[in-house]
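Have the viewer open as you read.

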Amino acid sequence: SWYNDFVSRLIQCRACPRLVGYRESVKPLPRFMRYDYWRRPVPPWGDLGNARIMIVGLAPAAHGGNRTGRMFTGDSSAQFLFRALYEAGLSNKPYSISRDDGVAVRCVYITSVVKCAPPNNRPSNEEIRTCVNNWFRYELEYVRPRAIIALGHVAFLGIKLALGIRAEFRHNDHVDFSGIRIFMSYHPSPRNTNTGRLKMEDLVSIFRMAMEYAGC
Ligand code: SF4
């Protein structure tokens, strides 16, 4: 399939010098001292045979995907996301902690607009554009999702760049483009989930709307 070829090329990418420097040099957190950090572009994953919903994050976390080598795996955003996926019946486990944690998702494909961990979770506009043009727009073509869930305004920006559309980010709203419905949600980062800005039931309900639209 396209996936293995895509990932084997992706993990060799060094197009953004600042992000390459950061992913390779970020200091392990004390509690992960014994962990062998991944330190490369972080592969997307999911139900490749039936990926009707594409879940799009911003970028891997320095001690999440950049450590574990799988998108939305091993950081606190991932735990919130997977509790919601589990509630909606899209994941067999309510967590995502490592590449061999036994998690299997159905109907969804999990990715990000930027594939390398950025300092302070902030890629530059140039880095977003580079990664979208090198990788993300091809993923959209290969996966051909019926629904997309943009987690946060930077993810939505990347989707807009890839599809060439104009729209404003509005939490809990959606836009349609060429038969694809793009749902928008705040990103499940602690900044949003600890403050109650993004509630579990809101994210679950966005998943349910996407499932209904996509026929999951
Ligand atoms: Fe390559 Fe994307 Fe990583 Fe930049 S962020 S080095 S384009 S994989």
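## Around the ligand

Two helices, α2 (17-25) and α5 (125-143), each put at least two residues into the shell around the ligand. Of the elements involved, α5 gives the most, with five residues. Keep in mind that you're looking at a predicted model.

In total, 15 residues surround the ligand. If you want to zoom in, go for the closest ones: Cys13, Cys16, Pro41, Cys116 and Cys131. Sorted by class, the shell comes out as 10 nonpolar, two polar and three charged residues.

## The nonpolar core

Now for the largest nonpolar core, which has 61 residues. Its members with the most contacts to other members are Ile53, Val56, Val113, Ile149 and Ala150. Top contributor is α4, with six residues. As a rule, nonpolar side chains in soluble globular proteins tend to be buried together.

## A look at Val113

Which residues does Val113 touch, leaving aside those up to four places away in sequence? The list runs Val56, Leu58, Ile128, Cys131, Val132, Phe136, Val154, Ala155 and Gly158. One of these, Cys131, also turned up among the residues closest to the ligand.

## How confident is the prediction?

The chain's average pLDDT is 97, and 100% of the residues score at least 70. For the model as a whole, the scores are ipTM 1.00 and pTM 0.97.

Methods
Residues are numbered from 1 along each chain as its sequence is written. This is a predicted model: local features need pLDDT of at least 70, side-chain atom pairs count only at pLDDT 80 or more; totals for chains, interfaces and linings use all residues. A residue is near a molecule or strand if its C-beta atom, placed from the backbone, lies within 6 Å of it. Helices (H or I, at least four residues) and strands (E, at least two) are DSSP runs, numbered from the N terminus. Ala, Val, Leu, Ile, Met, Phe, Trp, Tyr, Cys and Pro count as nonpolar, Asp, Glu, Lys and Arg as charged, and the others, Gly among them, as polar. A nonpolar core is a set of buried Ala, Val, Leu, Ile, Met, Phe, Trp, Tyr and Cys residues joined through C-beta atoms within 7 Å. A residue is buried if 20 or more other C-beta atoms lie within 10 Å of its own, exposed if 12 or fewer, and partly exposed in between; C-beta atoms are placed from the backbone. Two residues are in contact if their C-beta atoms, placed from the backbone, lie within 7 Å. pLDDT is the predictor's confidence in each residue, from 0 to 100.
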